[in-house]
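Hi everyone, thanks for coming. Please have the viewer open while I talk, and stop me whenever you like.

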Amino acid sequence: MAAQGARERLRRRFRGSPDAAEASPEREGRAGPEASTAFKEKEKPLPRLNIHSGFWILASIVVTYYVDFFNTFKENFHTSSWFLVGSALLLVSLSIAFYCILYLEWCHGIEDYDVRYPTLIPITTAAFIGAGICFNIALWHVWSFFTPVLLFTQFMGVVMLISLLG
């Protein structure tokens, strides 16, 4: 029975529950107001727009301009069915991402949507990887070996732009 109690104290300590401070024997003498403020104190979040995200957004804009991305996309859209599959997967991925950011986090205040809805993140990731593969196949005849580099730069720019929202 003592092993069961020790196991429960260990679980509470690793979960970070507030009653773990009272339950652990090594903190019995320090259960004052400073112990309760340690759980309430959070780290200051990093600014959303920093040098790293600014670089990727700027690099994405430069790549879009210099390789004439939208014109190339418009000219090659009807030549391959890989564009349609990639566009559908990208639409699925972005709609789930905007659902998480706009609806769950902004409207309902659910910040830990990955804990509450654990299947959203793997589905979004799989759809985005599938879209990236389809777009690489569809645009390979245009930019050849530069296609993965260009699409990765576009991907990072979009991810950093979306991270500014949420």
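This is a predicted model: local features need pLDDT of at least 70, side-chain atom pairs count only at pLDDT 80 or more; totals for chains, interfaces and linings use all residues.

Residues are numbered from 1 along each chain as its sequence is written, and side-chain values use heavy atoms, with hydrogens and water left out.

Let's start with the pockets. On a 1 Å grid over the protein atoms alone, a pocket is an open set of points where a 1.4 Å probe fits, with protein on both sides within 12 Å along at least five of seven lines, and lining residues have an atom within 4 Å of a point. Points are joined across faces, edges and corners, and the volume is the space filled by probe spheres set on them.

The largest pocket has a volume of about 660 Å³. Its lining counts 24 residues, and F69, L151, Q154, F155 and V158 are the closest to its centre. Two or more lining residues come from each of α4 (51–66), α5 (69–76), α6 (82–107), α8 (120–143) and α9 (147–163); helices here are DSSP runs of H or I, at least four residues, numbered from the N terminus. The largest share, 8 residues, is from α9. By class, this lining has 18 nonpolar, 6 polar and no charged residues. Charged means Asp, Glu, Lys and Arg; nonpolar means Ala, Val, Leu, Ile, Met, Phe, Trp, Tyr, Cys and Pro; the others, Gly among them, are polar.

Now the second largest pocket, with about 400 Å³ of space. Of its 17 lining residues, A97, I101, T124, V159 and I162 lie nearest the centre. Here α6, α8 and α9 each give two or more residues, and α6 gives the most, with 6. The classes are 12 nonpolar, 5 polar and no charged residues.

On to the cysteines. How many disulfides are there? The count is 0, taking a disulfide as a pair of cysteine sulfur atoms within 2.5 Å. C100 is buried, at 3% relative accessibility, and C134 is buried too, at 5%. Buried is under 20% relative accessible area, exposed over 50%, and partly exposed in between, with a 1.4 Å probe and protein chains only.

Finally, the backbone. Most residues other than glycine have a negative phi. D68, in the loop between α4 and α5, has a positive phi of about 50 degrees and is partly exposed at 39%. S144, in the loop between α8 and α9, has a positive phi of about 55 degrees and is partly exposed at 29%.
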